[in-house]
Amino acid sequence: MSSSVVLGIESSCDETGAGLVRDGRLLGHVVASSMDEHARFGGVVPEIAARAHLHSLTPVVHRALDEAGLRMADIGAVAVTTGPGLSGALQVGLAGAKALAYALDVPLYGVHHLAGHVAADTLEHGPLPDPCMVLIVSGGHTSLLLVRDLARDPIVHLGDTVDDAAGECFDKVARAFGLPYPGGPAIDRAAREGRPDAVVFPRPLTGPRDDPYAFSFSGLKTAAARWAERHRDGVLPVADGAAALQEAVADVLTRKAVAACVRHGVGTLVVVGGVAANSRVRALAQERCGAAGITLRVPPLRLCTDNGAMIAAVGDLLVRAGAEPAPHDVSIDPSAPLEFAALHPVAALSA
Ligand code: KG4
Ligand code: ZN
């Protein structure tokens with residue numbers, strides 16, 4: 001199939017992203033964030049996010065085209081996040097993507113947000129090996145996945161979080177520590193001055209009888225919040241708490257991911273999602289993969305957090321796999337489970 005430029009649009013949370021990809025190569029991408037507008041509420045306010053997407057979508061698409069040195073008429077397909085995410089936010093992105101695809105008379109693809117996080121790595125490190133182990137760690141999800149052909153095959157969940165996601169744990173503990181929103185980057189920064197062994201926080205679900213691939217972060221979150229509470233009348237050693245929390249999260253994530261690779265005989269681990277930006281998660285994953293002879297792939301920081309390039313990357317894979325485009329009445333699915341990269345039937349795949 002001849003290659004075309006795929007425009008990817010992402011609007012599932014507080015980032016409005018547009019990216020352009022052709023043949024697995026990133027041509028340009030721009031992200032606008034409404035993060036500052038949510039900061040004083042301590043979390044993303046859905047209505048504010050949706051309105052910000054409405055304001056940012058067209059300018060972001062134009063800036064991405066400028067960066068790539070392309071024009072609207074060069075776009076050969078549009079891919080858009082149709083779930084999971086905030087429903088109002090998703091609606092804005094899908095409406096914009098439909099309008100563009102219709103006006104340009106090009107096919108539209110509905111993409112699963114988490115498949116986008118996985119595909120982000122291909123823009124930096126090339127096609128994913130088949131099979132590979134993927135650890136997705138974001139604000140809303142923590143999953144260990146066995147991935148074959150991302151555009152064609154079902155995605156196998158080895159384990160998921162039974163309660164909070166890793167990013168959620170960072171965000172909520174940061175709040176208890178008096179750090180600003182978003183909590184993950186704030187914890188990461190504060191931890192630089194702290195000692196990871198100053199406090200020992202629990203490592204949930206790592207016992208011999210626990211599910212080796214399931215995650216749980218709500219007990220860890222509570223333990224860290226209680227620890228902060230105990231310092232209420234004195235000075236909270238934030239840096240130590242941040243370093244210890246980061247150590248606990250990184251330990252659990254990398255221990256389970258490496259064990260999954262070893263037990264399934266998979267030689268490549270891909271760590272993606274916002275929490276893959278965490279410096280300790282990256283370092284410990286590298287250390288443990290190195291010791292186990294596993295190749296580690298982590299996207300560069302700018303592609304770890306939400307962006308349009310990762311959605312374009314999935315669209316590009318679907319186009320090249322000959323996937324059936326989305327029907328005109330495709331709708332959003334705010335709680336879509338991750339089963340396939342495309343969020344609509346892909347029955348007509350060419351071999
Ligand atoms: O993937 P993402 O951008 O959005 C979702 O799909 O959820 O992930 C956002 C999450 C937030 O919880 C944020 O605190 C976390 O990723 N995060 C980090 C870091 N940067 C972002 N967590 C720990 N350390 C970081 N450096
Ligand atoms: Zn995300």
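**Close-up views of a predicted model**

**Figure 1. The loop that holds proline 84.** In this predicted model, proline 84 belongs to the loop that runs between strand 4 (75-83) and helix 3 (87-104). The peptide bond leading from glycine 83 into proline 84 is cis, and its omega is near -10°. Most peptide bonds are trans.

**Figure 2. The loop that holds proline 131.** Helix 5 (122-125) and strand 6 (132-137) are the elements on either side of the loop with proline 131. A cis peptide bond joins aspartate 130 to proline 131, with omega near 0°.

**Figure 3. The backbone at aspartate 105.** Aspartate 105 is part of the loop between helix 3 and strand 5 (108-112). Although aspartate 105 is not a glycine, its phi is positive, at about 55°. Most residues other than glycine have a negative phi.

**Figure 4. The pocket and shell of ligand 1.** Ligand 1 takes up the space of the largest pocket. Around ligand 1 there are 18 residues, and the closest are Gly139, Asp171, Gly184, Asp188 and Asn278. Sorted by class, the shell consists of eleven polar, four nonpolar and three charged residues. Three helices, namely helix 4 (113-120), helix 6 (166-176) and helix 7 (183-191), each contribute at least two residues to the shell around ligand 1. Both domain 1 (5-120 + 304-350) and domain 2 (129-298) are represented in this shell, each with at least three residues.

Figure 5. At glycine 139 the backbone takes part: one of its N or O atoms lies 2.8 Å from an oxygen atom of ligand 1. On its own, ligand 1 has 560 Å² of accessible area, and the protein covers 87% of this.

Definitions and conventions: Residues are numbered from 1 along each chain as its sequence is written. Chains are lettered from A and ligands numbered from 1 in the order in which they are written. This is a predicted model: local features need pLDDT of at least 70, side-chain atom pairs count only at pLDDT 80 or more; totals for chains, interfaces and linings use all residues. Side-chain values use heavy atoms; hydrogens and water are left out. A residue is near a molecule or strand if one of its heavy atoms lies within 4 Å of it. A polar contact is a pair of N or O atoms within 3.5 Å; within protein, one must be able to donate a hydrogen and the other to accept it, and residues adjacent in sequence count only if both atoms are side-chain atoms. Accessible areas come from the Shrake-Rupley method with a 1.4 Å probe; for residues, only the protein chains shown count as cover. On a 1 Å grid over the protein atoms alone, a cavity is a set of points where a 1.4 Å probe fits but cannot get out, and a pocket is an open set with protein on both sides within 12 Å along at least five of seven lines; lining residues have an atom within 4 Å of a point. A molecule sits in a cavity or pocket if more than half of its atoms lie within 2 Å of its grid points. Helices (H or I, at least four residues) and strands (E, at least two) are DSSP runs, numbered from the N terminus. Ala, Val, Leu, Ile, Met, Phe, Trp, Tyr, Cys and Pro count as nonpolar, Asp, Glu, Lys and Arg as charged, and the others, Gly among them, as polar. Domain bounds come from an automatic or database domain assignment.
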